[in-house]
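Here is a short briefing on one protein structure. Look over the sequence and the model first, then read the notes by topic.

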Amino acid sequence: MRRTPWRNLVLLLLLPLAACDWFGDDSDVARLDLTQSWQTSSPAQARVDAAQLETAVAEAGAIPRVQSLLVVRDGRIILEEYFHGNERETLNDVRSVTKSVVATLTAIALKEGFIGSLDETLGDHFPPSIAPLDSVRRSISIRHLLSMSSGFVWPEIGGPAYSDWIQSGDHVRYVLSRPLENMPGSDFTYNSGAVHLLGVLVEEAVGVPLEQFADQYLFGRIGIGVEQREWEILSDGYVNGGAGIDLRTRDLARLGQLYLQDGRSGKDRILPRGWVEEATQPKFEWRSDFGPLSGLCYGYLWWTEEGQEEYVYLAWGYGGQYIMVVPDKELVIVTTTYWRGLNQEAGGANQLEAAVLDIITSHILPAAR
């Protein structure tokens, strides 16, 4: 049952009016105001090789499932192309990019005081009406959920866990009923259901539906209107924290630009000081390779990659939904694809994801001088 404690609701309404910045004053640093319309620039003005971009567009357009490709440099759009019926106003279902949105909302809840620390737990925020918790499950922390280390058995990559979960009648209890194979915090297991638990925890902490909190504290502050997003609502009444958010390609770039700007829009600090660096650094010793990417690891619901000439981090959704941020080059790169039915095709999602990444790493990254 979704609850709206009046005390939290009053706080939610009053906090935007507060003049103080709990995490310090950033008025000395001017950043792009993300509530304003995007400005454009030519590749030449942005010190980018136009021929390389043309090759990227041609290769993207030749892949039937690619739907959009957008590049921002120095806060201006230098490339924006739509394919196969996709348009600027199209809302793209970007699957696990949703996880990076949930991480961002967690950071905002922390900054605004709804959450005291990342070490608060399910036991601190889940009343018995949501689900009974044993001592180990009570100890699962926000930090564990952000880093995919909750400890549940969850065969999602190459397994049925997501489809079984999404078809369940009670999405919170389904996750919590799974056995634990590791102590929380000890190992990485990719788990969309556990990120859904994080979304529910944040909703309980802020006292209003998560999508309403997102509209007021994130989307509205970076220029994304209520009519410019959709979010899948599950049978228990909560939005799907693991996937299912739909956004325009330009608005996906706004999220990437927010991170590139260290969580600021103009003089408005949206994310806690230091959050972007913390969230986009590897949390584990392991590294893996995928397609043209090497040195992949995981931060707080963002992928990290150390194998390129410059460090990059990514919001990564099934089938090639990407927000790639390249801080050293002031780049934000967005791609979207049509992912439905991929599991029935030879090569499946992996082949499409690798092909899209190859366009980025072979043409767009080298083009930026």
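Gly 244 sits in the loop that links strand S4 (229-231) to strand S5 (245-247). The model is a predicted one. The notes start with that glycine and then turn to helices.

**Gly 244 and its surroundings**

- Is Gly 244 buried or exposed? Its relative accessibility is 4%, so Gly 244 counts as buried, the cut-off being under 20%.
- Setting aside neighbours within four places in sequence, Gly 244 contacts Asp 93, Arg 95, Thr 98, Glu 230, Trp 231 and Glu 232.
- Asn 92 lies 152 residues from Gly 244 in sequence. In space, their C-alpha atoms are 9.5 Å apart.

**Helix H3 against helix H10**

- Helix H3 covers residues 97-111, and helix H10 covers residues 210-217.
- Their axes come within 11 Å and cross at roughly 75 degrees. That angle falls in the 65 to 115 range, so H3 is roughly perpendicular to H10.
- Which residues of H3 and H10 meet? From H3 come Leu 105, Ile 108 and Ala 109. From H10 come Leu 210, Phe 213, Ala 214 and Tyr 217.
- By class, this contact of H3 with H10 has 7 nonpolar residues, with no polar and no charged ones.

- Helix H2 (residues 50-61) has 12 residues. From first C-alpha to last, H2 reaches 16 Å, close to the 16 Å expected at 1.5 Å a residue.
- Leu 53, Ala 56, Val 57 and Ala 60 are buried in H2. They span an arc of only 100 degrees around the axis, so they lie on the same side of H2.
- Glu 54 and Ala 58 are exposed, on the other side of H2.
- What covers the buried residues of H2? The cover includes strand S1 (66-73), strand S2 (76-82) and helix H13 (348-367).

**Helix H11: mostly covered**

- Helix H11 (residues 249-260) has 12 residues, which should span 16 Å at 1.5 Å a residue. Its end C-alpha atoms are 17 Å apart, which agrees.
- How many residues of H11 are buried? The count is 12 of 12, and H11 is mostly covered.
- The buried residues of H11 include charged ones, among them Arg 250, Asp 251 and Arg 254. Leu 252, Leu 255, Leu 258 and Leu 260 are also among the buried residues of H11.
- Asp 262 follows H11 and has a positive phi, near 60 degrees.

Technical notes: Residues numbered from 1 in each chain as written. Predicted model: local features only at pLDDT ≥ 70, side-chain atom pairs only at ≥ 80, totals over all residues. Heavy atoms only, no water. Axes fitted to C-alpha atoms, helices over the stretch in contact; angles between N-to-C directions. Helix = DSSP H or I, 4+ residues; strand = E, 2+ residues; numbered from the N terminus. Parallel < 35°, antiparallel > 145°, perpendicular 65-115°, else oblique. Contact = heavy atoms within 4.5 Å. Expected span 1.5 Å × (residues − 1). Buried < 20%, exposed > 50% of the residue type's maximum accessible area, 1.4 Å probe, protein only. Arc of directions from axis to C-beta.
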